[in-house]
Amino acid sequence: MAHQATSKPTACLALADGTLFFGTGFGATGQTVAELCFNTAMTGYQEIMTDPSYAGQIVTFTFPHIGNVGVNPDDDETADPVAAGMVVKWDPTEPSNWRSAERLTDWLARRGRIAIGGVDTRRLTRAIRQQGAPHVALAHDPQGNFDIEALVAAARGFAGLEGMDLAKDVTCAQSYRWDEMRWAWPDGYQRQEAPVHKVVALDYGAKRNILRCLASAGCDVTVLPATATAAEVLAHDPDGVFLSNGPGDPAATGTYAVPMIKEILETTDLPIFGICLGHQMLALALGGKTIKMNHGHHGANHPVKDLETGKVEITSMNHGFAVDAQSLPAGVVETHRSLFDGSNCGIRMSDRPVCSVQYHPEASPGPQDSFYLFERFAAAMADRKVRA
């Protein structure tokens, strides 16, 4: 048998500094530009790709076995993938899982997301850690024809996430109710039929599992768009206000979100709970500042210390900006801190039931160490009713 020539690479990842990675393309064809980050989670690639917090980013997965359990409708965190693309070490294998409904490759192609396999993700991850999250262009061409100069130029032309308000791109178009609770064996998702607390959730790019956790904690959830005013929030007569996760620069989203939060803080005594971008929005409203991180935190294995109890939680994280703990004013207490780099991971007001965390207590993907925060929010709403 004659020796066959090695096939041409069908995908190319070009960094703004001119570094090139070639590999095998899968999913959609075409080209996209974005910021490149890496995620260290060993499970949950579907939840990661559909997390609205990844708008404007391509995700490098440090775990090599991506695609091995397929995809299914239950694990989507929003209607469509939001991450711009994915980079993996090994080409996805045929799925082997009883819940699999579709191959990852077909799912990405149908949803218009580009992916590249066969990449040295260790080398790429080291580059991101050392140099910061680079701007990149990712192209997939089954014929293997690439205009390298144009790809590098496209990467260099990407505006970056600083100053970008991406929440408005991923928020809901209109308000809606949510009553689906967390997945549980053997019945799957059940409905909350006896809620005791009315919660308004501001959607800056909310993951479905956050809303499920609120419903499981006894909340009747009404979701409002990111640009909702304080008057629109209070028109629902809520027992508490929730600030969701989301993408982009918190200072940009804060131009309309911060005045709304400030007004609620000044005119009511409602409990407020924020996660991720919601945490950053609350910190800005309370007088703190946010900063762009070198490469951010993305993974399901990040240790966070509760400074008030000494407990260490293993958490799920996804953020490229952080609250500057040094900027927090009097009356605002730092409650949680990353054990990786010491960055801020939680705050609370010293005299009111107003708090937030940088990480994702709803998991998806895991771990499940921090579900108690939703119960704490529900308890604060119950306490307010007793005092009333």
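# Charges, cysteines and backbone of a predicted model

Student: Is R212 buried or exposed?
Tutor: R212 has a relative accessible area of 3%. Buried means under 20% relative accessible area, exposed over 50%, and partly exposed in between, with a 1.4 Å probe and protein chains only. R212 therefore counts as buried.

Student: What pLDDT do local features need in this model?
Tutor: Residues are numbered from 1 along each chain as its sequence is written, and side-chain values use heavy atoms, with hydrogens and water left out. This is a predicted model in which totals for chains, interfaces and linings use all residues, side-chain atom pairs count only at pLDDT 80 or more, and local features need pLDDT of at least 70.

Student: Which residue meets R212 in a salt bridge?
Tutor: A salt bridge is a side-chain nitrogen of Lys or Arg within 4 Å of a carboxyl oxygen of Asp or Glu. The N to O distance here is 2.7 Å, and the partner of R212 is E180.

Student: How many residues apart are R212 and E180?
Tutor: Helices (H or I, at least four residues) and strands (E, at least two) are DSSP runs, numbered from the N terminus. R212 sits in helix 6 (residues 208-216), while E180 sits in the loop between strand 8 and strand 9 (197-203). E180 is buried at 14% relative accessibility. The pair links distant parts of the chain, 32 residues apart.

Student: How far apart are the closest N and O atoms of R177 and D220?
Tutor: R177 and D220 form a salt bridge. R177 belongs to strand 8 (residues 176-178) and D220 to strand 10 (residues 219-225), 43 residues apart. R177 is exposed, at 59% relative accessible area. The closest N and O atoms are separated by 3.0 Å.

Student: What is the relative accessibility of D106?
Tutor: D106 pairs with R103 in a salt bridge of 3.1 Å, N to O. R103 counts as partly exposed at 32%. D106 also counts as partly exposed, at a relative accessibility of 36%.

Student: Which residues gather in the patch of positive charge on the surface?
Tutor: Patches are made of residues with over 30% relative accessible area and no salt bridge; like charges are joined within 9 Å, and nonpolar side chains (Val, Leu, Ile, Met, Phe, Trp, Tyr) within 5 Å. Lys and Arg count as positive and Asp and Glu as negative, with His and the chain ends not counted; a charge is placed at NZ of Lys, CZ of Arg, CG of Asp or CD of Glu. R122, in helix 3 (residues 121-131), is exposed at 67%. The patch consists of K89, R122, R123 and R126.

Student: What is the area of the nonpolar surface patch made by W98, W183 and W185?
Tutor: Accessible areas come from the Shrake-Rupley method with a 1.4 Å probe; for residues, only the protein chains shown count as cover. W98 is in the loop between strand 5 (85-87) and helix 2 (104-111), and is exposed at 65%. The patch made by W98, W183 and W185 is about 460 Å².

Student: How many disulfides does the structure hold?
Tutor: A disulfide is a pair of cysteine sulfur atoms within 2.5 Å. The structure holds zero disulfides: for C12 the nearest cysteine sulfur, that of C37, is 19 Å away, and for C355 the nearest, that of C219, is 13 Å away. C12 is buried at 0%, whereas C355 is partly exposed at 22%. The number of disulfides is zero.

Student: What is the phi of C276?
Tutor: C276 is placed in the loop between strand 12 (272-275) and helix 9 (277-285). C276 is buried at 2% relative accessibility. The phi of C276, a residue other than glycine, is positive, near 60 degrees.
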